[in-house]
Amino acid sequence: MTELNKTAEWAALASHWSEVEPLQMRDLFRENPERSEQMSIRQCGILLDYSKNRATQKTLNLLLGLANAADVDGWRRRMFAGERINNTENRAVLHVALRNRSNRPIWFDGEDVMPGVNEALNKMESFSNDVRSGQWKGFTGKAITDVVNIGIGGSNLGPLMACEALKHYQDPKLRLHFVSNVDSTHLLETVKGLNPETTLFIVASKTFTTQETLTNALTARAWLLDTLTDEKAVARHFVAVSTNAEQVTKFGIDTDNMFEFWDWVGGRYSLWSAIGLPIAIAIGMSGFYEMLQGAHEMDEHFLHADLSENMPVIMALLGIWYVDFAQARTQAILPYDQYLRYLPDYLQQADMESNGKRVTRFGRPVEYATGPVIWGTAGTDGQHAFYQLIHQGTQMIPCDFIIPINSHNESGDHQQILFANCLAQTEALMKGKTRKEARQEMEAAGLDAEQIVDLLPHKIFPGNKPTNTLLIDRVTPGRLGSLIALYEHKIFVQGAIWRVNSFDQWGVELGKQLAGVILEELLDEEKSNSHDASTQGLISYYRHHRKK
């Protein structure tokens with residue numbers, strides 16, 4: 001098979017960048033008054049305006065040619081058909097089955113997975129209803145007031161992001177907390193002030209052997225028993241999202257309160273499964289079903305829409321355009337909504353763990369960039385932090401601006417000010433400020449000629465900075481589901497084109513293995529392993545200062 005960067009489609013795009021690079025988006029808008037309408041897609045309650053990109057119709061046609069050469073259509077159909085597209089782990093990739101609200105059969109190894117999915121959802125519904133209604137009682141007979149989710153990675157970021165995003169819909173009688181960092185401060189500061197009699201812990205670990213999660217869970221168990229003293233209390237205050245019944249039982253959790261999921265659910269795609277139990281408890285199972293429905297609607301759009309009118313595909317292709325042909329190395333996710341403040345963190349894992357790969361599906365080294373660095377923060381906070389670099393720095397940083405039209409917390413003109421700031425940033429990044437405009441502005445302000453000469457270089461904004469703008473009516477469970485699924489499929493398309501496996505994460509393993517070796521030495525000074533001089537010196541320094 002011809003290497004991706006040796007194909008005719010790749011060569012055409014590389015050549016085309018030299019045509020597009022000198023173009024100014026200002027001119028493109030002036031030459032085509034219909035540009036915004038032509039470069040917008042409306043689906044699932046989301047408007048994507050991608051007209052403020054350094055791209056022409058020819059660019060899009062060439063990118064679509066690359067997508068066709070990479071068989072994006074075939075890959076999306078193979079995923080939905082339950083084929084084992086995660087080739088390094090010999091697994092299917094069927095998170096779409098978890099939100100298949102049409103309930104049509106989805107087959108894996110000759111078996112329809114939907115009955116099992118529905119059974120798991122029914123179990124989540126029953127349990128979350130019991131907790132929310134107060135029917136589930138703690139060991140001393142008191143209703144639950146606080147739920148602490150203990151997980152890491154996808155078992156933490158997904159539920160955390162969604163619970164914060166949908167906070168408006170939460171039951172005020174229940175408080176949700178999330179612990180992930182093995183730093184004991186995270187757990188101990190979280191439980192400080194909580195009542196063990198009314199606290200429920202959800203331990204989310206597929207294998208129930210994840211070091212960080214189990215360390216935190218055991219400390220939480222000790223905290224609980226320090227007050228309740230009876231080992232039987234564990235079964236009323238701990239439930240598990242896991243597949244390891246033996247270890248769950250050993251911990252003291254009743255396996256009737258163990259919520260399972262499947263090997264074809266990757267960690268960073270797992271919030272749609274029982275990993276989403278904290279979301280169901282927070283907003284109710286009806287809200288969780290709405291979230292699944294919103295994601296399903298985006299799945300249907302992604303699966304059936306022509307690539308040229310397909311929202312995830314267009315976003316993916318523009319990302320590849322910048323990463324591989326404009327040499328952009330990062331992308332900023334900028335939600336203008338406080339509820340979405342954890343969305344950049346969530347997408348950071350979803351994207352970078354999926355496509356941060358150095359070899360293709362076939363094990364060959366890649367010869368082109370994959371997986372941009374994803375970063376960002378919510379709202380106007382970012383404007384007073386890092387936007388300076390985006391506007392006048394030396395790097396091109398494509399940005400996604402995400403904003404709801406309506407707020408759940410309307411107060412005066414707050415939402416209008418927020419919306420104005422969001423649109424102003426996209427316009428400013430596109431238009432910039434020319435030398436002539438900067439001079440005229442300073443002359444109008446009454447600056448003398450010498451001041452103008454000194455300040456002029458600092459007042460110029462190059463503009464021509466690419467952005468996507470995504471508008472949603474309001475952050476609801478359904479619209480959040482659609483938004484998350486949009487980015488999931490965007491990441492999938494990019495992985496398919498880059499020929500990487502977007503569903504494994506071997507890069508996480510090496511550090512874990514070495515951490516186990518070093519931990520033995522920190523706990524037992526008699527043990528010694530061969531390390532480089534730096535690591536050995538740091539171990540020695542730690543031992544010396546821990547003694548003090």
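## Reading the pockets and helix pairs

Q: How much space lies in the largest pocket?

A: The largest pocket holds about 870 Å³ of space. Keep in mind that this is a predicted model.

Q: Which residues lie closest to the centre of the largest pocket?

A: Thr210, Gly267, Gln505, Glu509 and Lys512 are the closest to the centre, out of 35 residues in the lining.

Q: What is the volume of the second largest pocket, and which residues lie nearest its centre?

A: Its volume is about 440 Å³. The second largest pocket is lined by 17 residues, and Asp337, Gln338, His414, Gln415 and Leu418 lie nearest its centre. By class, this lining has nine polar, five nonpolar and three charged residues.

Q: Which helix gives the most to the lining of the second largest pocket?

A: That is H19, with four residues. Both helix H17 (379-383) and helix H19 (414-431) supply at least two residues each.

Q: How are two packed helices described?

A: They are described by the angle between their axes and the distance between the axes. The axes of helix H15 (residues 311-325) and helix H22 (residues 477-498) come within 8 Å, crossing at roughly 50°. That angle makes H15 oblique to H22. The crossing of H15 and H22 is right-handed.

Q: Which residues make the contact between H15 and H22?

A: On the H15 side, they include Met311, Pro312, Val313 and Met315. From H22, the contact residues include Leu486, Tyr487, His489 and Lys490. By class, the contact of H15 with H22 has 13 nonpolar, three polar and two charged residues.

Q: At what angle do the axes of H8 and H16 cross?

A: They cross at roughly 145°, and the two axes come within 9 Å. The crossing of H8 and H16 is left-handed. H8 makes the contact with Gly154, Leu157, Gly158 and Met161, while H16 brings Leu343, Asp345, Tyr346 and Gln349. This contact of H8 with H16 divides into four nonpolar, three polar and one charged residues.

Conventions:
Residues are numbered from 1 along each chain as its sequence is written. This is a predicted model: local features need pLDDT of at least 70, side-chain atom pairs count only at pLDDT 80 or more; totals for chains, interfaces and linings use all residues. Side-chain values use heavy atoms; hydrogens and water are left out. On a 1 Å grid over the protein atoms alone, a cavity is a set of points where a 1.4 Å probe fits but cannot get out, and a pocket is an open set with protein on both sides within 12 Å along at least five of seven lines; lining residues have an atom within 4 Å of a point. Grid points are joined across faces, edges and corners, and a volume is the space filled by probe spheres set on the points. Ala, Val, Leu, Ile, Met, Phe, Trp, Tyr, Cys and Pro count as nonpolar, Asp, Glu, Lys and Arg as charged, and the others, Gly among them, as polar. Axes are lines fitted to C-alpha atoms, for helices over the stretch in contact, and angles run from 0 to 180 degrees between N-to-C directions. Angles under 35 degrees count as roughly parallel, over 145 as roughly antiparallel, 65 to 115 as roughly perpendicular and the rest as oblique. A crossing is left-handed if the near helix is turned anticlockwise from the far one by less than a right angle, and right-handed if clockwise. Contact means heavy atoms within 4.5 Å.
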